[in-house]
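Work through the two exercises below with the sequence and the model at hand, and compare each step with the solution given.

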Amino acid sequence: MNSLALFLLAALTASAADTYTIAVIPKGTTHEYWKAVQAGTVKAQRELAAAGVSVNVIYKGPLKEDDREQQVQVVENFIGRRVSAIVISPLDANALIAPLATAVQGNIPVLTIDSGVNSPLASCYIATDNREGGRVAARTLAGLVGSHGRVLMLRNAVGSANTEEREEGFLEVMKKEFPGIKLVSTDQHGGVSRDNAYRTSQNLLNRFGRELDGVFACNQPTTAGLLLALRDAGLAGGKINFVGFDSGAVELLALKAGDISALMVQDPFRMGYLGVKNAVAVLRGESVPKLIDTGVTVVTRENIDQPAIHDLVTPPLDQYLK
Ligand code: BGC
């Protein structure tokens, strides 16, 4: 064997024995939704370990989902530490472009999960088809309200790509397919915390509550905030049809109790799992799809006990998180 071949063999052997360090960066760390993502990353890491691929997953994000600077800083720190790849849910579709582009230029591949950026820089984007999720939510709510009625939509946060797509999809279908439904309010943002969404919802219900037939909230904290406000105002229990997004413990109980009519449920566990699996595939030079749709399911009181739905809304957190 000549010296070049020996050198190449040594390099290959070294990289096979190396550990890949994958940084997983959520939008925020306070909401239950992200626990499922994190559990999915652990599942991927364990499977890879069992197959002889050593992966160190570092899970770190900003506390609040509107803290752009903090998320940018987390990305910059990971670039400084020379992680092998970054898997991220950007909390702002524009603010994260520059730091993520720096990572890619420095040979650190970036994969986006859950929410996207306005740039083709990611090797792979793994998420719900959010626009479609919004459309389905509109059809679900209209199915409950009927062809005529009054509806409002509570937005999430400016700059958050996935929830803005849901909002657009919802409005598109309401306007096109249900002209008899009047949209009484569609411009209010509940923000990134349940408490903020609760206050915004209280204001909306004070103003429109008595005349409403349906409401839509586009993610977990807005659903939780709107739920509280409906209960306070004595408008829960099906008096107003309520379609929410995501499936935290509180929202699931509310669905069973009849305070929420339907939940649009994503698959955050799979997003985390596929994020790590595909990051490793990219690092090993394998080709990965540019887009993976992890699906969205309409969950109601009628179907919640079906085994597949039950598994979706109760991911095995205990098995993967301490
Ligand atoms: C969204 C996430 C968001 C979470 C909690 C989910 O619906 O997909 O992007 O972080 O809600 O706000």
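The model is predicted, so local features need pLDDT of at least 70 and side-chain atom pairs count only at pLDDT 80 or more, whereas totals for chains, interfaces and linings use all residues. Residues are numbered from 1 along each chain as its sequence is written, and side-chain values use heavy atoms, with hydrogens and water left out.

**Exercise 1.** Describe the surroundings of Tyr 20.

Step 1. Tyr 20 belongs to strand S1, residues 20-25, where a strand is a DSSP run of E with at least two residues, numbered from the N terminus.

Step 2. Tyr 20 counts as buried because its relative accessibility is 18%, the limit for buried being under 20% relative accessible area with a 1.4 Å probe and protein chains only.

Step 3. With neighbours within four places in sequence left aside, the contacts of Tyr 20 include Val 53, Ser 84 and Val 280 (contact: heavy atoms within 4.5 Å). Val 280 lies 260 residues from Tyr 20 along the chain, yet their C-alpha atoms are separated by 7.5 Å.

**Exercise 2.** Characterise the interface of domain 1 and domain 2.

Step 1. Domain 1 comprises 3-128 + 267-295 and domain 2 comprises 130-265, with bounds from an automatic or database domain assignment.

Step 2. Their C-alpha centres lie 32 Å apart, and 17 residues of domain 1 are in contact with 14 residues of domain 2.

How values were computed
Helix = DSSP H or I, 4+ residues; strand = E, 2+ residues; numbered from the N terminus. Buried < 20%, exposed > 50% of the residue type's maximum accessible area, 1.4 Å probe, protein only. Salt bridge = Lys/Arg side-chain N within 4 Å of Asp/Glu carboxyl O.
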